[in-house]
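Please look through the sequence and the model first.

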Amino acid sequence: MMAFPITELLDERACYEFLLSVLHPKGLRCPVGHKVAAGQAPHMSDRAPVVDYRCRRCGKVFNVFTTTFWRGTHYSCRQVVLLVRGFAQGVPTLHLAKELKLDYETVLTRRHG
């Protein structure tokens with residue numbers, strides 16, 4: 001079972017860094033597989049810390065969730081971490097949805113997706 005360092009994941013930036021390390025252990029890449037260039041500025045940062053990058057080689061726009069199960073999500077990094085933690089611990093979907101103030105059907109779909 002995966003252990004989640006709860007006390008280290010209380011802020012959004014820490015959750016982003018955790019997700020980045022878990023979802024992209026070899027570093028963030030575009031959907032085609034090109035690495036983000038060192039020092040590359042984000043394409044869009046209106047959802048910081050989740051920022052969109054435009055690949056300098058192929059032009060595709062992507063972020064930490066793009067090639068994962070969480071692609072297209074509008075959840076915050078904190079919500080994603082707490083959902084995954086809850087799923088891993090077997091917390092009932094209704095409890096998670098209420099606790100995180102999320103739509104039950106959406107959480108259920110994610111759980112069984």
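Two residues are in contact when heavy atoms of theirs lie within 4.5 Å. By that rule, and leaving aside residues up to four places away in sequence, F65 touches L19, L23, R47, V50, W70, R71, T73, Y75, C77 and V80. This is a predicted model, in which local features need pLDDT of at least 70 and side-chain atom pairs count only at pLDDT 80 or more, while totals for chains, interfaces and linings use all residues. Residues are numbered from 1 along each chain as its sequence is written, and side-chain values use heavy atoms, with hydrogens and water left out.

F65 also belongs to the largest nonpolar core. Such a core is a set of buried Ala, Val, Leu, Ile, Met, Phe, Trp, Tyr and Cys residues joined through side-chain atoms within 4.5 Å; buried means under 20% relative accessible area, exposed over 50%, and partly exposed in between, with a 1.4 Å probe and protein chains only. This core has 19 residues, and F65, Y75, C77 and L83 touch the most other members. At least two of its residues come from each of α1 (12-23), α2 (77-89) and α3 (93-100). Helices (H or I, at least four residues) and strands (E, at least two) are DSSP runs, numbered from the N terminus. A second, separate core of 6 residues includes L28, C30, V51 and Y53. In soluble globular proteins, nonpolar side chains tend to be buried together.

In α1, the buried residues are E12, A14, C15, Y16, F18 and L19. The buried residues of α1 pack against β2 and α2.

The strand β2 takes part in an open sheet of 3 strands, ordered β1-β2-β3 with antiparallel pairing. Strands β1 (44-47) and β3 (61-62) are at the edges with a single partner strand each, so one side of each has no neighbour in the sheet. Two strands pair if DSSP finds at least two bridges between them. Between β1 and β2 (residues 50-54) there are 2 bridges, and R47 has V50 in β2 as its bridge partner.

What is the count of disulfides? With a disulfide taken as a pair of cysteine sulfur atoms within 2.5 Å, the count is 0. For C30, the nearest cysteine sulfur is that of C58, 3.7 Å away. The sulfur of C55 has its closest cysteine sulfur in C58 at 3.6 Å, which is too far for a bond. C30 counts as buried because its relative accessibility is 3%, and C55 counts as buried at 7%.
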